Amino acid sequence: MLTDRIICAVTLVLAVVYFYATAQIPSLEIGDPLGPKAFPVLLGIALIIATVLLFIETLKAGAAGRPGLRLRREDRRHLLLIGGTTLWTALYFWTFDSAGYLVSTAVYLFVMMAVFNRGKSIANTLTAMLFALGSYVLFVKVLGVVLPAGILSF
Amino acid sequence: MDTLGHILHGFDVALMPINLWYTFLGCLMGTIIGILPGIGPAAGIGLLIPITFGMDPTSALIMMAGIYYGAMYGGSTTSILINTPGEASSVMTALDGYQMAKKGRAGAALAVSAIGSFIAGTLGIVALTLLAVPLAAIALKFGPAEYFCLMVFALAAVSSLTGKSAAKGMMSTILGLMLATIGIDLQSGQPRYTMGVPELQDGVGFIVAVVGLFAIGEVFSNLEEHIKGKAEIIRLRGKLWLTREEWGRSIMPIVRGGLIGFFKGVLPGAGATIATMISYTVEKRVSKHPEKFGTGMIEGVAGPEAANNAATCGAMVPLLTLGIPGSGATAVLMGAFIMYGIQPGPLLFEKRPDLVWGLVDSMYIGNIMLLILNLPLIGLFVRILYIPTGILLSLILAISSIGVYSINGNTLELQMALMFGVVGYIFRKIDIPLAPMVLSLVLGGIMEQSFRQAMTISGADPRIFVGSGISITLLILAVVMVMLPVVLPRLRKLKEGPEDLES
């Protein structure tokens, strides 16, 4: 399967990067015969073994004629939507401190619901605002959890 | 005080009003988490850990455990009513449970899963109570080398039994162990793989990883399912109880499922999931009408549901007595223990018997509470399923942000959680199991410590790992676990006949 071969390649690159990073750790072997590198080196070797095992599994599955990685147009649309959600969530987290929990959460939820719960704008707007306000009061004022106030000073 | 005295004192702790309240709260939240799509017990516990900071550790752990077994109870509801198992361990329940619901017997299916869960859960706690003390006594004899071998065995079992491919399970385990090496090395004081980021010096935040992998990643997967199509919710009709005939058919599957579940739960690996599969297969084999399974047989709901809940009690055995969790959710529970500065394991029985037995005894009470919550009040909880999925999933993402931010007040950790979420989403797509990664992230630090301690004792001689009977047995078992997925299909083919093997 093509997907599994890509996994093998990515994992192999990861193992090489991990080995390189391990080599950069300065060694001070006082009272510890192994130092901070030995265990990571074992892990790197184990990751390569796992990659080889997966590659063997891939070869066997290939012989059995398993389907490859083919994305239909619909799948691509779904992936784009999930990619967009990831970027929107990243932006939400990025503005979390500066805009504050209340504002950023209300805006974030409003857009998310507009996309994933279409056609119910009044319910979506109310839910986004009430949830942001309600959760802020519950967590900050009742449970004492620290959340950023941001542009609103309360 | 002797063991019996400690067990009885545990009831004093569990029956304290404040602990009763937290048991109830845990069971209630667990039931809701079990019903909610996009969030399971692992993510639920992970999200709530920061909120419990400052609480008494016993009360906090009683609540966390309540969420764990409560979610297992609640998980069957979605399987029965919308044919969408919230957890892998509820897949078997959906086979006959959903068919029962379609025939208008949703009430009976929900009732048998609640009663089965209660009976098997209680049996499981009795077995946990009986097994914990002798096992903890054996574990006291373990040195660093034996502990290392035990962790190798646990990780080998989890990686080979979780998911479809043993190699992918192994990859997930090793990646988790690698993540655990990030941060300042406690023995040498050297920073490792921190890339100059100060926030990484304390290592990868455990809650950050759990919330990312299990909550954010799961929500992404669910959002995709949501845009693909909507599952039809079957409305609850009729009495929420069993007929005399249905009860008669259910009792033995419950007992058998309970036994299978408990013993599978004790062993590391996909305990609850495999237990439900074995229970379903056993019920089908002993039934006079195996052909009717999959069309709404109550035995097919009673057995797996009992197995599922007894397995959660079984999984508490290695967690409490050895300090080794055997699944994703118990790994998160262990993370919670460690965050409160408590190391689960045999010494805990000596140092904090009030905590251990208070926790175990609270499970008896929690089981009764869950029966009440899940029988007369299930109609109330089912309403959660009527909340539009698009709203529900968006709210879970916002709650995740609170859970992560409240640990250190750091937005970098929020971005890291999102990265783990993307990894979790991709891993689900490409069939790499997540439980081994979380388990090894929790165990990684202790595992490396045991490894280095053992090597220091032996003067860097690796033969210390085969220096005792316990170590050798555990390593052999680890090899058996790794070989199992390769050998089992071949044995099965051999059994079926040489022609099949050739083909």
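Predicted model: local features only at pLDDT ≥ 70, side-chain atom pairs only at ≥ 80, totals over all residues.
**Notebook: a helix in chain B, then both chains**

I began with helix α12(B), residues 299-322, which has 24 residues and runs 35 Å from its first C-alpha to its last, close to the 34 Å expected at 1.5 Å a residue. Helices here are DSSP runs of H or I with at least four residues, strands are E runs of at least two, and both are numbered from the N terminus. The expected span is 1.5 Å times one less than the number of residues.

Residues are numbered from 1 along each chain as its sequence is written, and chains are lettered from A and ligands numbered from 1 in the order in which they are written.

Next I asked how many residues of α12(B) are buried. I found 24 of the 24 buried, so the helix is largely enclosed by the rest of the structure. Buried means 20 or more other C-beta atoms, placed from the backbone, within 10 Å of the residue's own.

Then I looked at chain B as a whole. I counted 21 helices and 2 strands, and 60% of its 503 residues are buried. Its C-alpha trace spans about 70 × 60 × 55 Å along the principal axes.

Last came chain A. I noted 6 helices and 0 strands, in the order α-α-α-α-α-α from the N terminus. Of its 154 residues, 29% are buried.

Conventions:
Buried ≥ 20, exposed ≤ 12 C-beta atoms within 10 Å, placed from the backbone.
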